[in-house]
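Open the model in your viewer and keep the selection tool at hand. Each stop below tells you what to pick next.

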Amino acid sequence: MAGVGSTPTTPPGSSQPPVNAWSSILNRYYQATGYIDSLYNLGRPGTTTYSGLPTSYTIPDGLEHNPDYDVDGALNSRFAFGRSTDIVIVNYANNDVGNGYTLAETMTNLQIIYNTVVAAGKIAFVTTTQPRTGYTTAQKQLLKVERDSIMNRFGVHAINFYNPIVAADSLNINPILSAGDNIHVNNAGHQLLFETARDVMNNVLFGAPLPIVLTGFTAVMQQQKVVLTWTGMNQTGAPSFIVQRSGDGTSFGDIASVPAIGAETAHNYTWSDAQPLAGKSYYRIKVSEHGEADHYSPVVAVTDIATGWAIGKLYRASGSTWNIEIVGGQNSRLQLRVVDAGGRGFLQQPVAVTSSSQLIPLNLSALPGGQYFVQLVSDKGVVTVRAIQKE
């Protein structure tokens, strides 16, 4: 929340974020409504989820833990001049990836911080990770996985700071939103982050009908078809998902309508495009709800199978062993992962695709019963194949 990337910057030594930082815009917005008196920004560059743990927690050596800036400090802030804290926005996760912390570490720390706020009778919101162009491919992919984990874990109290600023067909920051340092966003990016935080917070604070939450949108070539998958939450009020396609990533047209199931719980959706465009096809999902403005998923792109690799079949071979078929037109080095619905990894193995059709066995005997998701990770990102139900 420090506001790096927005301009003009604050004078040296100032404790306030820049005037065009998303938190500053949010502060002005809520002051205008009269609902919230002031938003105090305790963010400082470089801090991690360990920095936000309660003061009583012991953290790894060498990490900063200032009681003025941890969750206890947020609940009893000396910057509020005696006024009570009612809402805490937790915004840490990006630097965890840069410091080499695992998904489990980050999610555990965020849960502790969130629980501390709720136990104090206050409202907590948790922001997701954001894309970072300057990270390695593995780090960028982890940012995306952690986005899904935070959205799944904290539900309507999660603020998705990833989707509004990620570039289409990429794990990078959208170039038009980049501050130029491969890490932060510019004023336009901060405006989008403000709008995202405002919409999520208004739904919780003012009791407005909850919008559909769409996560995990992926597209992959499978046997000459493009298979789209996504997860929806809060699908009440007879909404629908409109599948849109484009040949240039700019001009989109409707190609299908997928009705929502009408439930508040998460549900997985699949739709196949049997006649994708030649070369590259771009896809997005338009969410249409009665009486609400349409909103959109991130844009994903798929290149025809002749130029790369794709997923064939996924089936149970015997007992706890499954086979996944990978087909492709060139040699590829991939990572095969098995994760649960929260994004926690259980299996990971490298895959070298050396033939046009290759079967890879998956032994799930060591996993407890439940639902899992198979992921293939390349330098282009994660492709979620489909769910596996382990008995």
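The tour goes from strands to a helix, then to aromatic rings and a single strand residue.

This is a predicted model, in which local features need pLDDT of at least 70, side-chain atom pairs count only at pLDDT 80 or more, and totals for chains, interfaces and linings use all residues. Residues are numbered from 1 along each chain as its sequence is written, and side-chain values use heavy atoms, with hydrogens and water left out.

**Stop 1: strand 2**

Select residues 123-127, strand 2. Helices (H or I, at least four residues) and strands (E, at least two) are DSSP runs, numbered from the N terminus. Of the 5 residues here, 4 are buried, so strand 2 is largely enclosed by the rest of the structure. Buried means under 20% relative accessible area, exposed over 50%, partly exposed in between (1.4 Å probe, protein chains only).

Val90 stands opposite Val126.

**Stop 2: helix 6**

Select residues 137-154. At 1.5 Å a residue, these 18 residues should span 26 Å, and the end C-alpha atoms are 26 Å apart, which agrees. The expected span is 1.5 Å times one less than the number of residues. Buried residues here include Leu143, Ile150 and Phe154. Just after the helix, Gly155 takes a positive phi of about 55°.

**Stop 3: aromatic pairs**

The structure holds 7 aromatic pairs. Rings of Phe, Tyr and Trp (its six-membered ring) pair if their centres lie within 6.5 Å; planes under 30 degrees apart count as stacked, over 60 as edge-to-face and the rest as tilted. Show Trp22 and Phe161: centres 5.0 Å apart, planes at 80°, so edge-to-face. Both Trp22 and Phe161 are buried. Next, Tyr114 and Phe154: centres 5.1 Å apart, planes at 50°, so tilted. This pair links helix 5 (residues 103-119) to helix 6.

**Stop 4: Gln349**

Finish in strand 15 (residues 345-353), at Gln349. Gln349 is partly exposed, with a relative accessible area of 29%.

How values were computed. Two strands pair if DSSP finds at least two bridges between them.
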